[in-house]
Amino acid sequence: MLTDEEIARFVDAGFVHVPAAVPRDLVDRCGAELWAATGCDPEDPSTWTEPVIRLSDFATEPFRRAANTPVLHEAFDQLVGSGRWVPRGSLGTFPVRFPTEQLPTDDGWHVEASFAGADGNYRVNLRSRGRALLMLFLFSDVGPDDAPTRIRVGSHLDVPPLLVEAGDDGREWMDLCRDAVPASAHRPEAYATGTAGDVYLCHPFLVHAAQPHRGTTPRFMAQPPLLPRAPLPLDPQAPTPVERPILAALAGAPAPRESGA
Ligand SMILES: O=C(O)CCC(=O)C(=O)O
């Protein structure tokens, strides 16, 4: 269970670190499957030739269990609200990062996309229609040199003003990123370091980025969304910890436009 202080930190900083959210035996079973999928040899660094290998969705039993531990379900209820999120059947994409000479080309600052628009392009709206949380699941120990995800602390507060006038259709994802990245450039940086089995629960609007691996051991991390059952109601009478920073960031801004407006 998250403490009141941890919830307050999530509201203010945009993320909370949940240590040991996934038990070690599950981490190890997932790790074996992930290594096999990379096609690389864990004992032979000469086989680690790419800076990043993106592994697609894994939905086997250890991954499903890792996504649904009691400690995570409790935290989802606390942050997103009971009955407002959909249990995951998998862990989404794994950008596996290797210590190589070659630099990655996917380390730009961004917010995650949320839902697909009518034209198939990704979009983000104020009610965060397709994403209740961004989650970072560590499947290897991640120290400061091991390509921890960079996080702009408090950057989730910079995004709502960029979405408020776009209504429920929201904005095209890359178009939003072009504004969200400079708008959050003043924020201090934190790093998603920790031990295999730790999970970072992040606000859906948090600005973050990958970085090159400067360590010695490949970094395994999953970054699935927690899907919402419905767009955020943004009811000022009873806001959840995901909604509170959105409403706070908009205090004094025009009221959110209604659907179809
Ligand atoms: O690999 C990372 O640390 C973050 C990757 C990321 O944010 C992404 O692929 O969207």
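**Strand pairing, ligand shell and pockets**

Strands E10, E8 and E12 form, in that order, an open three-stranded sheet with antiparallel pairing (helices, H or I, of at least four residues and strands, E, of at least two are DSSP runs numbered from the N terminus; two strands pair if DSSP finds at least two bridges between them). Strand E10 (189-191) and strand E12 (208-209) are the edge strands, each pairing on one side only. Strand E8 (residues 150-152) is joined to E10 by three bridges, and the two run antiparallel; Ile151 has Ala190 in E10 as its bridge partner. The model is predicted: local features need pLDDT of at least 70 and side-chain atom pairs count only at pLDDT 80 or more, whereas totals for chains, interfaces and linings use all residues. Residues are numbered from 1 along each chain as its sequence is written, and side-chain values use heavy atoms, with hydrogens and water left out.

A further open sheet of three strands has the order E5-E6-E9, again with antiparallel pairing. Strand E5 (115-116) and strand E9 (171-172) stand at its edges with a single partner strand each, so one side of each is left without a neighbour in the sheet. E5 is connected to strand E6 (residues 122-124) by two bridges in the antiparallel sense, and Phe115 stands opposite Arg123 in E6.

Strand E14 (residues 225-228) is joined to strand E3 (residues 85-86) by two bridges, and these strands run antiparallel; Pro228 in E14 is the bridge partner of Trp85. E14 also pairs in the antiparallel sense with strand E7 (residues 133-138), over two bridges, where Leu134 stands opposite Pro225 in E14.

The ligand is surrounded by Arg54, Pro95, Arg97, His110, Glu112, Thr149, His208, Ala210, Arg219, Met221 and Gln223 (a residue is near a molecule or strand if one of its heavy atoms lies within 4 Å of it). By class, this shell has three nonpolar, four polar and four charged residues (Ala, Val, Leu, Ile, Met, Phe, Trp, Tyr, Cys and Pro count as nonpolar, Asp, Glu, Lys and Arg as charged, and the others, Gly among them, as polar). Polar contacts are pairs of N or O atoms within 3.5 Å; within protein, one atom must be able to donate a hydrogen and the other to accept it, and residues adjacent in sequence count only if both atoms are side-chain atoms. An N or O atom in the side chain of Thr149 is 2.6 Å from a ligand oxygen atom. A polar side-chain atom of Glu112 lies 2.8 Å from an oxygen atom of the ligand, and one of His110 lies 2.9 Å from an oxygen atom of the ligand. Taken alone, the ligand exposes 290 Å², of which the protein buries 94% (accessible areas from the Shrake-Rupley method with a 1.4 Å probe; for residues, only the protein chains shown count as cover).

Pockets were defined on a 1 Å grid over the protein atoms alone: a cavity is a set of points where a 1.4 Å probe fits but cannot get out, and a pocket is an open set with protein on both sides within 12 Å along at least five of seven lines, lining residues having an atom within 4 Å of a point. The largest pocket has a volume of about 250 Å³ (the space filled by probe spheres set on the points, which are joined across faces, edges and corners). Its lining includes His110, Glu112, Phe115, Gln223 and Pro225, and divides into five nonpolar, three polar and two charged residues.
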